[in-house]
Amino acid sequence: MSRQGQQRAGTDWSGQRIEVMLGNPAHGGFCVARHEGRVVFVRHGLPGERVFAVVTEDRGGSFCFADAVEILEASDDRVNRVCPISGPGGAGCCDMSHATPTAQREIAAAVVAEQLRRLGGVERDVLVEEVPGGASDGTRWRSRVRLAVDAAGTPGYRRYHSNDVVPDLGCTQIDPRAYTDLVEHVWQPGADLQVVLDADGQRHVVEIAPPVVSRTGRRSPGRRGASARRAAVNAPRAEKVVEGSGRPVERVGSREWRVAATGFWQAHRGSAQTYSTVVSEWADAAAGGTVWDLYGGVGVFAAAVAGQVGASGRIESVESSRQAVDDGAAALADLSQVSFRHGRVERVIGELAEPDVVILDPPRAGAGKDVVAAIADAAPRRVIHVGCDPASFGRDVGLYRAQGFELADLRAFAAFPSTHHVECLALFTR
């Protein structure tokens, strides 16, 4: 290593205030800047701005992370934050609420296009579309929220990359009705609160007890280190319904689901309907054919294509959550062509009948090499892939292409306004 490289590797700028010009957006809500030969990934800024930034994390090497704390030359796309608890040192909720909704979508489009080029090997212009159901300024779009409770029993939002709680219910992602009277109650310290405003406007509040901690301080008896931490996160936690039935009603089209308040449903009020419409248009499933609905949740996509395969067809929905499987089976009990299977996709996929169409909505980490390879081995005519993280989505696109699939169509949606998150739907054909 050169002397310059050794010096750079030992550099620690943590806490330093530096002046930088912000360049292109990067995945994760950052803008790229350079200072004294190093790359600085800066949050809370916009491309083209000159800012003072404070370095928040520096592990040495060629890059570090910082927050823009003072805007010296502002972008025309900058607005006053619509979320009062976001920003440097604040909650980790609305990390793009300082940009106009149009600018948010343009930045997200640039990030998706870059990840597709770099990880998927695809050069493609991307348009990020609005999702109906929220306010025009990017507020009040969320139907459910998970709050944290601090040591004093006060609910709030966690700080960015921290377990510290901002005891303030000012985030504007959800309608203020969700917060009514919550601060007047003393909750169990360390608990979470799941709050849902369902399709009928009914509020549901569920208190989720903290993870159980043993006398030794370990959160999972009999395990140690990272294994114990993973077990603590994944272990069932006691739930107490405080308001509502704990079974919110949700609808897509004319069909109704009653789902567990702590189960999965799309956060944006309009997402489930928007994605279902796209999936239905793209699937073009044959009458009597077989469709896989992988990571199928409560069967929203299965319901969207059930009419295409008809009563003589077959839809195999695979989901790892037993609660989601039970809720989906109840909601789709009248659709004999839909069957729900509880299990992990990578373990069950080899047991499924050969499909005409595959639909999958994997978690943030993406589908991965093994699942994409198994799909390719099954030789479907079409694959519809939903991705909620541009990087893992880009990697999966590359995996499909390596298996002989073509990216035939792409839709991207601003399903999380005022944040850097974006949802992508891709259609693959042979």
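1. Glu-36 is exposed in this predicted model. Its relative accessible area is 64%, and the cut-off for exposed is over 50%. Glu-36 sits in the loop between strand S3 (30–35) and strand S4 (38–43). Its backbone deserves a look: phi is positive, about 50°, although Glu-36 is not a glycine.

2. His-44 also has a positive phi, near 70°, and is a residue other than glycine. The loop that holds His-44 runs between S4 and strand S5 (50–57). Is His-44 buried or exposed? His-44 counts as buried because its relative accessibility is 2%, and buried means under 20%.

3. Val-345 belongs to helix H7, residues 345–348. Val-345 counts as buried, at 4% relative accessibility. Which residues touch it, leaving aside neighbours within four places in sequence? Val-345 is in contact with Leu-294, Tyr-295, Val-318 and Val-371.

4. For a distance check, take Val-345 and Ile-18. They are 327 residues apart in sequence. In space, the C-alpha to C-alpha separation is 47 Å.

5. Helix H8 (residues 368–378) packs with helix H9 (residues 390–402) at an angle of about 40°. The two axes are 10 Å apart. The crossing of H8 past H9 is right-handed.

6. Next, the residues of that helix pair. From H8 come Gly-368, Lys-369, Val-372 and Ile-375. They meet Asp-396, Leu-399 and Tyr-400 of H9. By class, this contact has 4 nonpolar, 1 polar and 2 charged residues.

Key: Residues numbered from 1 in each chain as written. Predicted model: local features only at pLDDT ≥ 70, side-chain atom pairs only at ≥ 80, totals over all residues. Heavy atoms only, no water. Helix = DSSP H or I, 4+ residues; strand = E, 2+ residues; numbered from the N terminus. Buried < 20%, exposed > 50% of the residue type's maximum accessible area, 1.4 Å probe, protein only. Contact = heavy atoms within 4.5 Å. Axes fitted to C-alpha atoms, helices over the stretch in contact; angles between N-to-C directions. Left-handed = near helix turned anticlockwise from the far one by under 90°. Nonpolar A, V, L, I, M, F, W, Y, C, P; charged D, E, K, R; others polar.
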